[in-house]
Amino acid sequence: MHMPAWMESGLQHVWLPYAQMKTAAPPLPVVRTHGCRLELADGRVLIDGVASWWTACHGYNHPHIAQAVRAQLDAMPHVMFGGLAHEPALALARRLAALLGPGLDRVFYTDSGSVAVEVAMKMALQYWLNQGERGRSRFLAFRGGYHGDTFGTMAVCDPEEGMHSLFRGMLAGHDIVDLPRDDAGEQALDALLAERASRLAGILVEPLVQGAGGMLVHEPQVLRRLRRLADRHGLLLIFDEIFTGFGRTGTMFAFEQAGVRPDIVTLSKALTGGTLPLAATVASSRVFEAFWSDDPAHALMHGPTFMGNALACAAAHASLDLFEAEPRLEQARAVSAALAEGLEPCRELEWVRDVRVLGAIGVVELNGIADRDGLRRRLVEAGVWVRPFGNVVYLTPALNIAPEDLATLTRAVARVLRGGRP
Ligand SMILES: *Cc1c(COP(=O)(O)O)cnc(C)c1O
């Protein structure tokens, strides 16, 4: 394809994510977005099946978010959060607390998901230290999990699938185990915790679906088991809702489907409707109270430079307005049904291992993908933007995607996969 001049010259100087720069296919030059569409430099238009790592839950360029960000830009783009406060951040904190429901009511802002998880871990560790418990330096996390790319979070990802096996020797040691998918799993974990809980600060899990670790789904019952085990062994329970938060699984937050609540929850990805970087770590009052003291050493010593960025908070407000004003969750459920129907034909293919759908997440897991770039190219030729990883081809479109666009996406995936073992 034709490469615009800015790309040809700029590619010599940019380092791309998750890519062997020498051999990977060059990225696609995008010049404009609109709704569920990406317009490329050569004029081609692709229907977007990924929603930019599932952040753009209302589609691109939603006028309500654009207007809110423009107004905030004129009033005050950013001020430091140390010693200064502003309405966008404080009103958003109140709004998030109301959405999350009783108990989850203290919002700490950061600017990326990984850092939100780092902060959750730091809160959990210091929660114990502030109470004079010194030996709790580890976390229980799960195979198949993904919590970020920073050093703290790499250590709680799946040690093999988490993309970080190279650094294994340099990462903190945690207990990474199988999710308790059945009663036997719960008993095994109960026994393990009886032995190890006194060295643990908490349990960290992505509720209902482990995203970047392979789009692996589990029953709400698993979360009830984890809540039970956390209570029995006196551990904090942290839900990483960075993937699942804001409607992706069909409810505002995935934990609602299990009827249990975490002690700390992390949010990011769709928080600003895919427009500006923002993340939040929300703690329960029980956690917060362990920091509330006359001793300065009990304070949480953390504060990213762009903490509580006013533009991002304005975007998040506008995104939450849209969840109120438009039937987003019903749309997510309609997307779910259409994904299930549209991807089902893939199941009969010899190279397909599984087809699964949870909320607005559709996954075709293959036995293997020999040529991922080739598969992506064929999908682009079919007019869609879908980015397979590991052994999975997945769709996480905007929650308000038009039914005909979603049909184009699932048809393209089915047709390309039918065309031959990728
Ligand atoms: C994406 C993701 C992260 C990391 O977020 P970044 O903004 O990329 O740092 C952490 N946890 C989960 C569940 C995610 O999906």
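Two strands count as paired here if DSSP finds at least two bridges between them. In this predicted model, seven strands form an open sheet with mixed pairing, in the order β4-β12-β11-β10-β7-β5-β6. β4 (104–110) and β6 (175–177) are the edge strands; each has a single partner strand, so one side of each is left without a neighbour in the sheet. On average, neighbouring strands of this sheet are turned by 20° against each other, direction ignored.

Strands of a sheet pair through backbone hydrogen bonds, either parallel or antiparallel. β10 (residues 236–240) and β11 run parallel and are joined by three bridges. Asp240 has Thr266 in β11 as its bridge partner.

| Helix | Strands it lies across | Angle |
|---|---|---|
| α4 (residues 87–100) | β4, β11 and β12 | about 135° to β4 |
| α7 (residues 183–196) | β5 (138–142), β6 and β7 (200–205) | about 170° to β5 |

The loop between β11 (264–267) and β12 (279–284) contains Thr272. Is Thr272 buried or exposed? Its relative accessibility is 1%, and buried means under 20%, so Thr272 counts as buried. Leaving aside residues up to four places away in sequence, Thr272 touches Ile65, Leu278, Ala312, Ala315, Ala316 and Ser319. A polar atom of the Thr272 side chain also lies 2.6 Å from the backbone oxygen of Leu276.

Notes:
Residues are numbered from 1 along each chain as its sequence is written. This is a predicted model: local features need pLDDT of at least 70, side-chain atom pairs count only at pLDDT 80 or more; totals for chains, interfaces and linings use all residues. Side-chain values use heavy atoms; hydrogens and water are left out. Helices (H or I, at least four residues) and strands (E, at least two) are DSSP runs, numbered from the N terminus. Buried means under 20% relative accessible area, exposed over 50%, partly exposed in between (1.4 Å probe, protein chains only). A polar contact is a pair of N or O atoms within 3.5 Å; within protein, one must be able to donate a hydrogen and the other to accept it, and residues adjacent in sequence count only if both atoms are side-chain atoms. Contact means heavy atoms within 4.5 Å. Axes are lines fitted to C-alpha atoms, for helices over the stretch in contact, and angles run from 0 to 180 degrees between N-to-C directions.
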